[in-house]
Amino acid sequence: MPFTPAELEDLPEVISAPRFATYLQAKGNSRGKALELYEWNLDISSALIVPLQVCEVAVRNGIAEAIEAVHGANWPWNNGFIRSLPRPKSRIRYNPADDLQACARKLPTTGKIIAELKFAFWENIFTAGQDSRLWNAHFRAVFPGAPGGQSVAQCRGQAYADLQGIRHLRNRIAHHEPVFTRNLTDDYQRIHDMIAWRSPTAAAWMDGKQNVTALIAQKP
């Protein structure tokens, strides 16, 4: 539906001039077309939450299974596992050990800790230092849908890179940033493939639930 004169006047102010300028620039300074793009950005961001949620749950549960196979059910309190986590060179960068220990101090069970840990924690388990500790023995068991023609190290490296891209998309959506300039078809494929590594059945189910691909085709 066309925007009313009041909407054309008020909505850009509500959105804020600096934020709306991104959409105006993309649409040749047409307020109406810029608002259409803004609405579409809202819709696609909302739609992406479904596959992002399925992806995060699937991946973190697969990683947790591998960790438990090596370090036991109480792995969040296992000093050997904590020491194996990558250490950032800068204090301002994310520290997975600090995140894990902070969660373990306040939460009573492994399950609650798994749900609380940041997305970046799981991403950091796909670093090369975990190959000999976790992945060489357990990658294929917890991610049976991963490409059979690639080595475990290659799959793990791809997972690390893909999860970085997925996290960046997730963070943009969480901070209400534009995503319309991204290649969302590639983003969706990346999310789909990570779910399929864990379970092709889950990926097919998610494909049937989502409306991301339909919205991509409707981009104004």
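I started with secondary structure and found 12 helices and 0 strands in the chain. Helices here are DSSP runs of H or I with at least four residues, strands are E runs of at least two, and numbering starts at the N terminus. Read along the sequence, I get α-α-α-α-α-α-α-α-α-α-α-α.

A note to myself on the source: this is a predicted model, where local features need pLDDT of at least 70, side-chain atom pairs count only at pLDDT 80 or more, and totals for chains, interfaces and linings use all residues. Residues are numbered from 1 along each chain as its sequence is written, and side-chain values use heavy atoms, with hydrogens and water left out.

Next I looked up α3, which covers residues 31–71, 41 residues in total. From first C-alpha to last, α3 reaches 57 Å, close to the 60 Å expected at 1.5 Å a residue (the expected span is 1.5 Å times one less than the number of residues).

Where does α3 kink? I found a kink of about 25 degrees at Val50, shortly before the proline Pro51; the bend is the angle between axes fitted to the seven residues ending there and the seven starting there. Just after α3, Gly72 takes a positive phi of about 90 degrees.

Then I turned to the whole chain. The C-alpha atoms fill a box of roughly 65 × 40 × 30 Å along the principal axes. Of the 220 residues, 43% count as buried (under 20% relative accessible area, with a 1.4 Å probe and protein chains only). I also checked contacts (heavy atoms within 4.5 Å): among those between residues at least 6 apart in sequence, 63% join residues at least 24 apart.

How values were computed. Buried < 20%, exposed > 50% of the residue type's maximum accessible area, 1.4 Å probe, protein only.
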